[in-house]
Amino acid sequence: MSVSTCPSEPGASSADRPDGLDALDRAIVVATQAGLPLVPDPWTAVGKPLGLDGDAVRERLARMQDAGIIRRVAAVPNHYRLGYVANGMTVWDVDDAQVDRLGREVARVPGVSHCYRRPRHLPAWPYNLFVMLHGRTRDEVERQAEQLRQRLGDACRDHRILYSSRILKKTGLRLAGRSDRQDPPR
Amino acid sequence: MNAAPAIRSEPATLDAADRGIVNRLQEGLPLVAAPYAAVAAELGLSEGELLYRLERLLESGVLSRFGPMYHAERLGGGLTLAALAVPEPDYARVTERVNAFPEVAHNYRREHRLNMWFVLATETPERIGEVIAAIETATGLPVYNMPKQEEFHVRLHLPV
């Protein structure tokens, strides 16, 4: 996939980009990636430095949300601070012929937040289905994992629960901040 | 221990109004003219009270972020999950080196031989490979790259 993400100047009108975003949309993304302002009219606050009025910002965000480019405008919790101290990345070695059907099925189990198919790295890593579970205790996560195990049945050869024991970093995505892009220290 | 930023992890004490805010705002802010006033009315709070509490929830690390949640690939970016098997004596040093990359959006310690798991978010899909190579150079360890091949579900909601 070859996608250019180089924006033209803010204010320039849209080139037909593969993601359907014009330069102003991308400027809104950059302006909000650290978060939405906590003021009564956040749309105007975002738009002012961009030369947009609040309604234009809101309409553009709504369009990006409808297109699935923004999942939603929402609060991201720190699991631990909410008491969800057992966060298990469960990983499953599932028959390749059945993993897509079963992945869609286990994604509907209550408690599942993320469910993906990913590549194996044999022999070190045989697991191809990743399912995130969150509980207040490890017992709770293990009960959820047992439900998944039953749904996967004979198609699953092995599984593990990798608990997170520490958050080492959590900054969220920094996708379009070209001006502050820097090379990592050596 | 000094390698990692101070991210608080002890459970917070929340009152009923805070819990209402956390639950409601995980669902999403309505894209209306005065969005906080609209949510405050639903929760029986004033707009000022909601904004004050929301700021406090962010400052105290109960919420790690509030704002638009982007779909990285649909923005034309690259996204992947990657893991390292870090020798325990080197863990702090490797954490520092990995976290120094701005492309590392999240990083978790997990209990397994592969004991460091991080998400890379880059401006272009091509850049993922470059960052992985740079992390291998910086840490001296092979990176296990596990990009998603199929997404079945993404919807984090933690009721309190």
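Read from the N terminus, the elements of chain B follow the order α-α-α-β-β-α-β-β-α-β-β, which amounts to five helices and six strands, where helices (H or I, at least four residues) and strands (E, at least two) are DSSP runs numbered from the N terminus. This is a predicted model, in which local features need pLDDT of at least 70 and side-chain atom pairs count only at pLDDT 80 or more, while totals for chains, interfaces and linings use all residues. Residues are numbered from 1 along each chain as its sequence is written, and chains are lettered from A and ligands numbered from 1 in the order in which they are written.

| Property of chain B | Value |
|---|---|
| Radius of gyration, over C-alpha atoms | 19 Å |
| Span of the C-alpha trace along its principal axes | about 55 × 35 × 25 Å |

For a compact globule of 160 residues the radius would be near 15 Å, by the rule of 2.2 Å times the number of residues to the power 0.38.

The contact between the chains takes 70 residues from chain A and 73 residues from chain B, two residues being in contact if their C-beta atoms, placed from the backbone, lie within 7 Å. On the side of chain A that touches chain B, strand E5 (156-170) of chain A gives the most, with 10 residues. Strand E1 (70-77) of chain A pairs with strand E1 (residues 63-70) of chain B in the antiparallel sense over seven bridges, pairing requiring at least two bridges found by DSSP; Ile70(A) has Tyr70(B) as its bridge partner in E1(B).
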